[in-house]
Amino acid sequence: MITPEGFDDFVVTRSPRLLRTAFLLTRDWASAEDLLQTALARAWEAWRRIDGDPEPYVRRIIVNAYASSWRRRWRGELPTADLPETAVEADPHAGLDDRDGLWRALGRLPRRQRAVLVLRYFEDLSEVEIAEVLGCSVGTVKSQASRAVAKLRLDETLTPEGMLR
């Protein structure tokens, strides 16, 4: 099969960074790999139409696919007669470090706020670049970032008292 010119090189050189972005959004390696695969398949279809650096385009596909997959997936509970066995741990925080609390706190944020923080602080994109990726205004990026940081400041798992529990 013949691929569009430059696509193979793009996949080889940029996939690790794009996979990290997908992982930071999904917090699951398998889901992140699926998300990246979906984004690369869509990018391949549009490859000849992409002007300039294709990474922002693919990153936008990742964020949009992440948001739409969450909307489509049913998140209801399934009733069962059997309760799962739970492991009893002497210290509920044994083996956990501060990053685990941060991952859980990020997971509780709304998807758009989480996407803004991931792109800003983990991918080091500017507010203008984030606005382009998310298809919104710079003001929206700033307000979403501000709200997300405010929620993280109030999150009990990230406060000194919450970390001691």
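**Contacts and salt bridges**

Modeller: If you skip the neighbours within four places in sequence, Gln 113 is in contact with Gln 144, Arg 147, Ala 148 and Lys 151. Keep in mind that this is a predicted model.

Colleague: OK. Which helix does Gln 113 lie in?

Modeller: Gln 113 belongs to helix α5.

Colleague: And is Gln 113 buried or exposed?

Modeller: Gln 113 is buried, since its relative accessible area is 5% and the cut-off for buried is under 20%.

Colleague: Switching to charges. How many salt bridges does the structure hold?

Modeller: There are 8 salt bridges in the structure.

Colleague: Pick one for me. What does Arg 17 pair with?

Modeller: Arg 17 makes a salt bridge with Glu 55, at 3.2 Å from N to O. Arg 17 sits in helix α1 (residues 7-26) and Glu 55 in helix α3 (residues 55-72), so this pair ties together parts that are 38 residues apart in sequence.

Colleague: Why would side chains like that pair up at all?

Modeller: Side chains of opposite charge can pair when their charged atoms come close.

Colleague: How accessible are the two partners, Arg 17 and Glu 55?

Modeller: Arg 17 is partly exposed at 36% relative accessibility, whereas Glu 55 is buried at 8%.

Colleague: Which residues are linked in a network of salt bridges?

Modeller: The network links Arg 14, Arg 17, Arg 20, Asp 53, Glu 55, Arg 59 and Glu 123.

Colleague: Last one. What does Arg 120 form a salt bridge with?

Modeller: Arg 120 goes with Asp 124, and there the closest N and O atoms are 4.0 Å apart.

Colleague: How accessible are Arg 120 and Asp 124?

Modeller: Arg 120 is partly exposed, with a relative accessible area of 30%. Asp 124 counts as exposed, because its relative accessibility is 60% and the cut-off for exposed is over 50%.

Conventions: Residues numbered from 1 in each chain as written. Predicted model: local features only at pLDDT ≥ 70, side-chain atom pairs only at ≥ 80, totals over all residues. Heavy atoms only, no water. Salt bridge = Lys/Arg side-chain N within 4 Å of Asp/Glu carboxyl O. Helix = DSSP H or I, 4+ residues; strand = E, 2+ residues; numbered from the N terminus. Buried < 20%, exposed > 50% of the residue type's maximum accessible area, 1.4 Å probe, protein only. Contact = heavy atoms within 4.5 Å.
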